[in-house]
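Biologist: Please take me through this structure feature by feature, giving the general idea of each reading before the particular case.

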Amino acid sequence: MKMVNEIRKRFMRGIQTILSPQERKREKQLVLQCLLTAKMNRRLERISALADIEFCGFSQWGEDGIIDWLVEKLPGIPRTFVEFGVENYHESNTRLLLVLRNWKGLVMDGSPEYVSDIQGQDIYWQYDLTAKCAFVGRDNVNELISESGFRGDIGLLSVDIDGNDYWIWKAIDVVKPIIVISEYNAVFGDRYQLSVPYRADFQRTRAHHSNLYFGASLPAFVKLGKEKGYTFVGTTSSGCNAFFVRNDFAPLIVAALDNISAFPSVLRESRNELGMLTFVSGAKRGTMIQNLPLIDLAKNQTTTIAECGNIYSPEWAASVCTSNLISAALKNK
């Protein structure tokens with residue numbers, strides 16, 4: 001039976017590759033549109049904030065535009081990337097780097113079906129891409145990366161696993177990325193360094209039915225980045241992903257930015273016990289998980305949103321961005 005299933009998987013991968021000319025054509029058109037937009041962005045010597053150069057090709061919230069602009073401003077960096085939590089890789093932060101700039105990369109996901117899907121796509125033979133099936137944790141992340149041939153300096157690391165993101169980036173030392181992208185949980189606010197406690201088997205959908213209990217706050221990542229030698233340069237306007245540049249390259253980026261802006265999230269992705277969207281918005285999202293345990297990383301003790309009290313600055317409470325405030329607030333902590 002195992003052999004039959006393996007043959008079936010190989011057969012389906014073959015069908016997917018052979019019978020997708022229309023998808024290939026659409027992707028080529030998408031890449032061309034991305035290239036045209038990227039070339040316009042690349043002419044910009046200065047921008048007010050990263051939100052100015054956002055666009056989506058394969059990314060979810062405008063990361064493609066930000067990544068391309070950062071890479072263009074950092075000539076000579078390694079053309080390599082590592083990304084976690086890519087599902088079937090059709091929507092990701094690094095696919096455009098692969099198909100537009102011909103970078104080499106490692107992607108990982110915990111689903112065998114998703115990884116099999118990636119390995120059956122045309123990009124898997126057209127580019128130097130490694131897809132690994134693994135549930136990434138802080139105890140195995142360095143081994144998973146190094147055994148795939150990635151060590152030392154790399155161009156970009158993208159961490160988006162909806163759970164132990166803070167703890168995993170903290171544990172990574174086998175590679176030294178120039179650019180780091182990390183998803184933050186804006187529901188945790190912008191005033192405290194908060195993270196879910198580390199659990200090797202953490203899964204967002206199981207941790208709490210609301211789907212809001214995961215990851216870490218932006219201040220937690222900003223402080224971690226500072227400790228690891230990175231400069232925070234801003235977030236997506238959607239309030240999902242934060243961008244960091246290694247300190248030895250950061251001046252090239254900071255000099256081209258008028259503001260280092262941080263955005264709250266207006267996403268309404270909360271669920272009820274049946275898994276149905278409830279469309280709860282703003283600070284009310286936090287009340288759904290207010291008694292669940294969090295780690296206050298500044299004090300190294302367990303806390304909750306309820307115990308923290310007001311976790312939002314006036315700007316974030318009003319759903320507007322802050323400029324340079326988070327970095328300044330953490331400067332002396």
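**Reading contacts, cores and sheets**

Modeller: Leaving aside residues up to four places away in sequence, L157 touches V82, F84, W169, I172, P177, I179, V180 and I181, where contact means heavy atoms within 4.5 Å. This is a predicted model, in which local features need pLDDT of at least 70 and side-chain atom pairs count only at pLDDT 80 or more, whereas totals for chains, interfaces and linings use all residues. Residues are numbered from 1 along each chain as its sequence is written, and side-chain values use heavy atoms, with hydrogens and water left out.

Biologist: Which residues touch the most other members of the largest nonpolar core?

Modeller: A nonpolar core is a set of buried Ala, Val, Leu, Ile, Met, Phe, Trp, Tyr and Cys residues joined through side-chain atoms within 4.5 Å; buried means under 20% relative accessible area, exposed over 50%, and partly exposed in between, with a 1.4 Å probe and protein chains only. Here the largest core has 94 residues, and those that touch the most other members are W69, F81, F84, Y89, I145, L157 and F244.

Biologist: Where does Y89 lie, and what is its phi?

Modeller: Y89 belongs to the loop between strand 1 (80–84) and helix 4 (95–101), helices (H or I, at least four residues) and strands (E, at least two) being DSSP runs numbered from the N terminus. Its phi is near 75 degrees, a positive value in a residue other than glycine, and Y89 counts as buried because its relative accessibility is 0%. S319, in the loop between helix 14 (314–317) and strand 12 (322–323), also has a positive phi, near 60 degrees, but S319 counts as partly exposed at 43% relative accessibility.

Biologist: How many residues of helix 3 are buried?

Modeller: In helix 3 (residues 63–73), 10 of the 11 residues are buried, so the helix is largely enclosed by the rest of the structure. The buried residues are E63, D64, G65, I66, I67, D68, W69, L70, V71 and K73, and what covers them includes helix 2, helix 4, strand 4 (152–159), strand 5 (175–183), strand 8 (241–246) and helix 11 (250–254). T37 lies in helix 2 (residues 21–42) and is partly exposed, at 27% relative accessibility; T37 and E54 are 17 residues apart in sequence and 9.6 Å apart in space, C-alpha to C-alpha.

Biologist: What is the order of the open sheet of three strands?

Modeller: Two strands pair if DSSP finds at least two bridges between them, and in this sheet the order is 6-10-11, with antiparallel pairing. Strand 6 (194–195) and strand 11 (301–303) are the edge strands, each pairing on one side only. Strand 6 pairs with strand 10 (residues 294–296) over two bridges in the antiparallel sense, and L194 stands opposite D296 in strand 10.

Biologist: How many aromatic pairs does the structure hold?

Modeller: Rings of Phe, Tyr and Trp (its six-membered ring) pair if their centres lie within 6.5 Å, and planes under 30 degrees apart count as stacked, over 60 as edge-to-face and the rest as tilted. The structure holds eight such pairs. F202 and Y213 form a tilted one, 6.2 Å centre to centre with 50 degrees between the planes. F202 lies in the loop between strand 6 and helix 9 (204–207) and Y213 in the loop between helix 9 and helix 10 (218–228), so the pair ties together parts that are 11 residues apart in sequence; both residues are buried. F232 and F244 also form a tilted pair, 5.6 Å centre to centre with 50 degrees between the planes, which links strand 7 (residues 230–235), holding F232, to strand 8, holding F244, over 12 residues. Ring pairs join Y166, W167, W169, F221, Y230, F232 and F244 into a cluster.

Biologist: Which ring does R138 lie over?

Modeller: A charge sits over a ring if NZ of Lys or CZ of Arg is within 6 Å of the ring centre and within 35 degrees of the ring normal. R138 lies over the face of Y198, at 3.9 Å from the ring centre, and R204 lies over the face of F214, at 3.8 Å.

Biologist: How many disulfides are counted?

Modeller: A disulfide is a pair of cysteine sulfur atoms within 2.5 Å, and the count comes to zero. For C56, the nearest cysteine sulfur, that of C34, is 8.8 Å away. The sulfur of C321 is 15 Å from the closest cysteine sulfur, in C240, which is too far for a bond.
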